[in-house]
Amino acid sequence: MNKITRIETFTVPPRWIFVRVETDDGTVGWGEAIVPKRKSGIVGTISDLAQNLIGRDVSTITHFAQSLRKGSFFRDGPVLSSALAGIEIALWDIKGKQLSAPIYELKGGSVRDKIQSYGWINGETTDALVAHAKKRVEQGFDAVKLTPKASIAPLRAHEEIDDLCQRISSVRDALGAEIGIAVDLHGRFSRASLKPLIKELDAFSLMWIEEAFVPDYDENLAHLARACPHIPIATGERLITPGQFKRLMDAGTVDIVQPDISLTGLSNLEMVARLAEIYDVLVAPHSPNGPMCLAASMQVGFSCPSVTIQETSWGLDYKQSHKTSNKGEMSDYVLNSDVLMPVDGWLPQPKGPGLGLEVDEKAVRAAHADWTISDANWAHPDGSFAEW
């Protein structure tokens, strides 16, 4: 029986929170948490949780996850859940290393040889967006995703709708019919402003529309499903528990769920994926995060048939806008980052034990720094809050 001897947290550029867990036999596992705008809360919560784990048997991952999530009476929420997920991912990394096997082998073995991936496209202008989309295709992606440019008027959002449709149309014209295009609405549209948009989106053969509503308004998805019969509906990146996903799928209004492993943890992401298979719902894990999150999501993707496509964060714009040093890409912290790099749009099957990563610990420790990311504080013209 090996015991946990140390749990450390590193905040590294551009906005990532890495978790390092070490055992008394010297095995080291790595995990990752998010919620960067609440970084101090995450780091403090990891420290609180660590007090319950030091000196404990490293192998009892499910018991730890249950007791830490439920044992304090108050449970769930993004800060606690992400802090716990970071530790749990690291524990799975350790278990795989100690058994000399990838995590997917511990989950029943691989169900596929590779996983399709997609990349974000960004641009302040339509020309810049199209140029980025073409670059993604040159990199081998056959699927991309974009968002509206800014906050959306709650009523009579004609200008914003015209702008978004023009951007989508330009990308579609540039890429052709074979490339998948998804649109992430980020919950920015009100129910009233969404109605005229949906009628326009039908013309673009979209791969999906994502997070049309924030989770508080998921009951509105029933209205969306009736108004939008031809475009798959995706959501779920802000949900945490399998029960929340079950209620979403019970309603029969979502075609694709998008759990984020840095909120659900590895075991619950697997549970959601198994559940989705029963409902004939596809899984497209959310992961605009760092290397440990992507690697952990991939381990679930290679063991669960319902996982259809995986988000990646290579080259995302936030890595430029939030840099505090010259670091900010996954390859800066992982010696074998090729295992996370799509090849012709597909992520390769990892072969190494645990997460399959060789973390550059020296680089992580050198990059560790205190940084702050402010809330967006978007507002409508009248000064009222606008959804980011």
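Buried means under 20% relative accessible area, exposed over 50% and partly exposed in between, with a 1.4 Å probe and protein chains only. The views below come from a predicted model, in which local features need pLDDT of at least 70, side-chain atom pairs count only at pLDDT 80 or more, and totals for chains, interfaces and linings use all residues. Residues are numbered from 1 along each chain as its sequence is written, and side-chain values use heavy atoms, with hydrogens and water left out.

**View A. The aromatic pair of tryptophan 16 and tyrosine 333 is edge-to-face.** Rings of Phe, Tyr and Trp (its six-membered ring) pair if their centres lie within 6.5 Å; planes under 30 degrees apart count as stacked, over 60 as edge-to-face and the rest as tilted. The structure holds seven aromatic pairs. In the pair of tryptophan 16 and tyrosine 333, the distance is 6.2 Å centre to centre, with 70° between the planes. Tryptophan 16 belongs to strand S2 (residues 16-23) and tyrosine 333 to the loop between H13 and strand S12 (346-348), so the pair ties together parts that are 317 residues apart in sequence. Helices (H or I, at least four residues) and strands (E, at least two) are DSSP runs, numbered from the N terminus. Tryptophan 16 is buried, at a relative accessible area of 2%, and tyrosine 333 is buried at 0%. One aromatic cluster is formed by Trp16, Phe18 and Tyr333.

**View B. Phenylalanine 73 and phenylalanine 74 form an edge-to-face pair.** Their ring centres are 5.1 Å apart and their planes lie at 85°. Phenylalanine 73 is exposed, with a relative accessible area of 65%; phenylalanine 74 is exposed too, with 64%.

**View C. The largest pocket holds about 1800 Å³ of space.** On a 1 Å grid over the protein atoms alone, a pocket is an open set of points where a 1.4 Å probe fits, with protein on both sides within 12 Å along at least five of seven lines; lining residues have an atom within 4 Å of a point. Grid points are joined across faces, edges and corners, and a volume is the space filled by probe spheres set on the points. The lining has 48 residues, and Arg15, Lys37, His186, Arg188 and Trp388 lie nearest the pocket centre. At least two lining residues come from each of helix H3 (78-98) and helix H13 (318-321). Sorted by class, the lining has 22 nonpolar, ten polar and 16 charged residues. Ala, Val, Leu, Ile, Met, Phe, Trp, Tyr, Cys and Pro count as nonpolar, Asp, Glu, Lys and Arg as charged, and the others, Gly among them, as polar. Histidine 186 is found in the loop between S6 and H7 and is buried, with a relative accessible area of 11%. Although histidine 186 is not a glycine, its phi is positive, at about 60°.

**View D. The second largest pocket has a volume of about 260 Å³.** It is lined by 16 residues, of which Gly187, Arg188, Phe189, Ser190 and Tyr217 are the closest to its centre. Eight of the lining residues are nonpolar, five polar and three charged. Phenylalanine 189 sits in the loop between strand S6 (180-184) and helix H7 (191-201), buried at a relative accessible area of 3%. Leaving out residues up to four places away in sequence, phenylalanine 189 touches Pro148, Ile152, Ile161, Leu164, Leu194, Leu197 and Ala212, where contact means heavy atoms within 4.5 Å.

**View E. The largest nonpolar core has 111 residues.** A nonpolar core is a set of buried Ala, Val, Leu, Ile, Met, Phe, Trp, Tyr and Cys residues joined through side-chain atoms within 4.5 Å. Leu201, Leu224 and Val257 have the most contacts inside this core. Helix H3 gives the most to the core, with nine residues. Neighbours within four places in sequence aside, leucine 224 is in contact with Leu194, Ile198, Ile209, Ala212, Phe213 and Ile233.

**View F. The peptide bond from proline 13 to proline 14 is cis.** Its omega is near 5°. Proline 14 is in the loop between strand S1 (4-12) and S2.
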